Amino acid sequence: LNLVDYKSGAKKFEHAKAYFGLALQLLTYLDALAKNKQLIVSETDPDKIELAGALYMHLYDPTFKQKELYTRDYATEVLKKNKYQGLLVDQAAVLEKLDARLVDETGPSLIYPFRKNRDGTYRGSSAQNQLLTFEQLQALLAHNEELIKQAAEMIFAGRIDLAPARWSDGSALTYSPYEAIMQFDAMLPENNYYRLPTENTADILRFLAEEQVNQEEK
């Protein structure tokens with residue numbers, strides 16, 4: 001099962017924002033899909049139903065440069081402009097079903113965020129478009145569930161302290177229409193930004209692996 005979240009704007013999966021609780025939506029959708037897979041594929045043994053990944057799709061009317069229209073294949077250029085972004089399980093059987101063209105060819109998929117190497121292996125097209133092991137994907141979902149539980153506990157505990165997230169190129173207040181209502185003032189000692197850690201994708205995957213080991217030891 002592969003989940004697609006259609007967006008009106010460009011969207012990429014960011015491991016750091018997902019791990020530190022600022023991007024729960026896509027993984028929450030995928031977790032709900034996993035927990036209800038038997039309702040979706042009722043005629044199949046539930047133990048044989050596995051997750052392939054979760055992707056964003058930007059729905060829009062793309063614009064083209066002149067050379068893209070006159071020197072290249074138009075249909076191919078349209079596919080490139082509407083390429084999926086997100087996470088997929090690194091299994092050849094899964095990826096070849098998504099893009100059958102790569103069964104006999106190598107190079108990048110026109111639609112999906114991965115490419116087939118000459119040695120027959122696959123890799124994601126960028127740091128945000130990752131090919132994960134099934135165990136890594138499960139670890140992401142488990143961590144996402146824990147974040148939701150923590151958020152619920154904070155809500156019921158009455159935690160309302162102002163701590164908008166801040167990252168290298170902006171903050172949670174950048175496009176918020178509620179800034180005047182929140183009355184956040186970084187000059188006040190009781191108002192502090194939550195500065196998003198700068199760990200990269202490899203760091204996040206290592207954290208998740210360590211969490212799994214600790215959980216198994218418990």
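## Close-up views of a predicted model

**View 1. Glu105, with a relative accessible area of 38%, counts as partly exposed.** The class thresholds for relative accessible area are under 20% for buried and over 50% for exposed, with partly exposed in between (1.4 Å probe, protein chains only). This is a predicted model, in which local features need pLDDT of at least 70 and side-chain atom pairs count only at pLDDT 80 or more, while totals for chains, interfaces and linings use all residues. Residues are numbered from 1 along each chain as its sequence is written, and side-chain values use heavy atoms, with hydrogens and water left out. Glu105 sits in the loop that runs between helix H6 (92–98) and strand E4 (107–108); helices (H or I, at least four residues) and strands (E, at least two) are DSSP runs, numbered from the N terminus. The side chain of Glu105 makes a polar contact of 2.9 Å with that of Arg101. A polar contact is a pair of N or O atoms within 3.5 Å; within protein, one must be able to donate a hydrogen and the other to accept it, and residues adjacent in sequence count only if both atoms are side-chain atoms. The C-alpha atoms of Glu105 and Lys116 are 7.8 Å apart, with eleven residues of sequence separation.

**View 2. Helices H7 (residues 134–156) and H9 (residues 201–217) pack at about 80 degrees.** Their axes are 10 Å apart; axes are lines fitted to C-alpha atoms, for helices over the stretch in contact, and angles run from 0 to 180 degrees between N-to-C directions. H7 and H9 are therefore roughly perpendicular (65 to 115 degrees; under 35 is roughly parallel, over 145 roughly antiparallel, and the rest oblique). On the H7 side, the contact (heavy atoms within 4.5 Å) is made by Glu135, Gln136, Ala139, Leu140 and His143. H9 contributes Leu205, Leu208, Glu211 and Gln212. By class, the contact has four nonpolar, three polar and two charged residues. In this classification, Ala, Val, Leu, Ile, Met, Phe, Trp, Tyr, Cys and Pro are nonpolar, Asp, Glu, Lys and Arg are charged, and the others, Gly among them, are polar.

**View 3. His143 of helix H7 is buried, at 12% relative accessibility.** Not counting residues up to four places away in sequence, His143 touches Ala18, Tyr19, Leu208 and Glu211. Leu208 and Glu211 belong to H9, and both take part in the contact between H7 and H9.

**View 4. Helix H2 (residues 25–35) crosses H7 at roughly 105 degrees.** The axes of H2 and H7 come within 10 Å, and the crossing angle makes H2 roughly perpendicular to H7. Leu27, Thr28, Leu30, Asp31 and Lys35 form the H2 side of the contact. They meet Leu137, Leu140, Leu141, Asn144, Glu145 and Ile148 of H7. The residues of this contact divide into six nonpolar, two polar and three charged.

**View 5. Gln150, in helix H7, is partly exposed, with a relative accessibility of 36%.** The C-alpha atom of Gln150 is 9.8 Å from that of Gly21, although the two residues are 129 apart along the chain.

**View 6. Ser125 lies in the loop between strand E6 (122–124) and strand E7 (130–132).** A relative accessible area of 41% places Ser125 in the partly exposed class. Neighbours within four places in sequence aside, Ser125 is in contact with Pro113 and Phe114. From Ser125 to Gln85, 40 residues apart along the chain, the C-alpha separation is 9.2 Å.

**View 7. Asp169 occupies the loop between strand E8 (165–167) and strand E9 (170–171).** Its relative accessible area is 66%, so Asp169 counts as exposed. The side chains of Asp169 and Trp167 are joined by a polar contact of 3.1 Å. The C-alpha atoms of Asp169 and Val94 are separated by 36 Å, and the residues are 75 apart along the chain.

**View 8. Gln183 has a positive phi, near 55 degrees, in a residue other than glycine.** Gln183 is placed in the loop between helix H8 (179–182) and strand E10 (194–195). With 61% relative accessibility, Gln183 counts as exposed.

**Context for the views: the protein has nine helices and ten strands.** Its C-alpha atoms fill a box of roughly 60 × 50 × 35 Å along the principal axes. Of the 218 residues, 32% count as buried. Among contacts between residues at least 6 apart in sequence, 66% join residues at least 24 apart.
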